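The sequence and the model come first.

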Amino acid sequence: MYEHLKRLTGPVLRTAARLEAVGLENVPQSNGVILASNHLSIVDSTFLPLVLDRQVTFMAKAEYFEGGSWPTRIVSSFMRGSGQVPVDRENQRAAVASLDACLRVVKDGGVFCIYPEGTRSPDGRLYRAKTGVAWLALKSGAPVVPVAMSGTDRVLPPGRVLPRPAKVKVAFGKPVDLSLYEDSAADASARRAVSDLIVQAIAEVSGQEYVPVYAARAKEQG
């Protein structure tokens with residue numbers, strides 16, 4: 001189903017978005033790997049897999065698996081049909097169970113993509129990472145590759161129903177060096193430090209301004 005969806009929609013989306021990828025050599029061609037990406041638009045999860053030969057699994061909020069406008073129906077069809085992992089962010093126990101499912105993907109040798117900010121950026125800046133990405137990295141021991149999406153917020157900004165043409169670029173940085181924190185998944189301070197290192201690496205690739213607060217809190221404050 002995953003490859004069928006890519007073959008069906010990939011050529012049209014690549015052309016419409018003038019899709020560009022840089023740093024592909026930083027993504028391992030085998031074994032488990034974690035892609036840690038900034039998050040600008042719901043369509044990030046549609047464009048990123050198009051530049052990789054390997055299947056990419058995402059953790060995405062449960063709402064992305066539901067229908068609605070036709071652009072979100074396309075995204076939800078991709079999510080359901082390609083084995084993506086839904087997460088209910090309002091339910092802590094369900095969120096932890098979703099991380100366990102993601103860990104299995106990586107340990108089984110797959111490519112897993114996570115948005116460390118936990119939600120889309122409200123204004124295009126890069127926000128503080130939650131520690132789930134660190135737990136996943138330290139438990140799996142897999143390399144963490146920072147990813148920078150750009151242009152997707154112009155294709156489909158938050159709150160907009162209809163997409164519009166815009167150039168999309170996906171940039172992959174070098175894997176983050178987490179050697180100082182091996183076997184520290186149970187240490188909360190280590191998870192915080194690793195999360196900060198990962199979001200710093202994303203900022204270096206994306207060039208975004210960093211804001212040391214959680215994106216969800218920034219949205220609440222308005």
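Apart from neighbours within four places in sequence, V144 is in contact with I34, A36, A137, K174, P175, V176, L178 and I198, where contact means heavy atoms within 4.5 Å. The C-alpha atoms of V144 and I34 lie 4.7 Å apart, although 110 residues separate the two in sequence.

## Basis of the model

The model is predicted: local features need pLDDT of at least 70 and side-chain atom pairs count only at pLDDT 80 or more, while totals for chains, interfaces and linings use all residues. Residues are numbered from 1 along each chain as its sequence is written, and side-chain values use heavy atoms, with hydrogens and water left out.

## Overall composition

The protein has 8 helices and 9 strands. Its 222 residues include 50% that count as buried. Among contacts with a separation of 6 or more, 77% are between residues 24 or more positions apart.

The accessible surface is about 10,600 Å², and carbon and sulfur atoms contribute 51% of that. Accessible areas come from the Shrake-Rupley method with a 1.4 Å probe; for residues, only the protein chains shown count as cover.

## Nonpolar cores

The largest nonpolar core has 30 residues, of which I34, F112, V144 and I198 touch the most other members. Such a core is a set of buried Ala, Val, Leu, Ile, Met, Phe, Trp, Tyr and Cys residues joined through side-chain atoms within 4.5 Å. At least two residues of this core come from each of β2 (33-37), α4 (92-107), β5 (111-114), α5 (132-140) and α7 (188-206). A second, separate core holds 25 residues, including L50, V147, L156 and V170.

Beyond its neighbours within four places in sequence, I34 has contacts that include V106, F112, I114, L136 and V145.

## Helices α5 and α7

Buried residues of α5 are G132, V133, A134, L136, A137 and L138. The axes of α5 and α7 are 8 Å apart and meet at an angle of about 100 degrees; axes are lines fitted to C-alpha atoms, for helices over the stretch in contact, and angles run from 0 to 180 degrees between N-to-C directions. That angle makes α5 roughly perpendicular to α7 (65 to 115 degrees; under 35 is roughly parallel, over 145 roughly antiparallel, the rest oblique). V133, A134, W135 and L138 of α5 make the contact with R191, V194, S195 and I198 of α7.

G141, which follows α5, has a positive phi near 75 degrees.

## The aromatic pair

The whole structure contains 1 aromatic pair. F58 and Y115 are stacked, at 6.1 Å centre to centre with 25 degrees between the planes. Rings of Phe, Tyr and Trp (its six-membered ring) pair if their centres lie within 6.5 Å; planes under 30 degrees apart count as stacked, over 60 as edge-to-face and the rest as tilted.

F58 belongs to strand β3 (residues 56-61) and Y115 to the loop between β5 and β6 (126-127), 57 residues apart. F58 is buried at 0% relative accessibility, and Y115 is buried at 7%.

How values were computed:
Buried < 20%, exposed > 50% of the residue type's maximum accessible area, 1.4 Å probe, protein only. Helix = DSSP H or I, 4+ residues; strand = E, 2+ residues; numbered from the N terminus.
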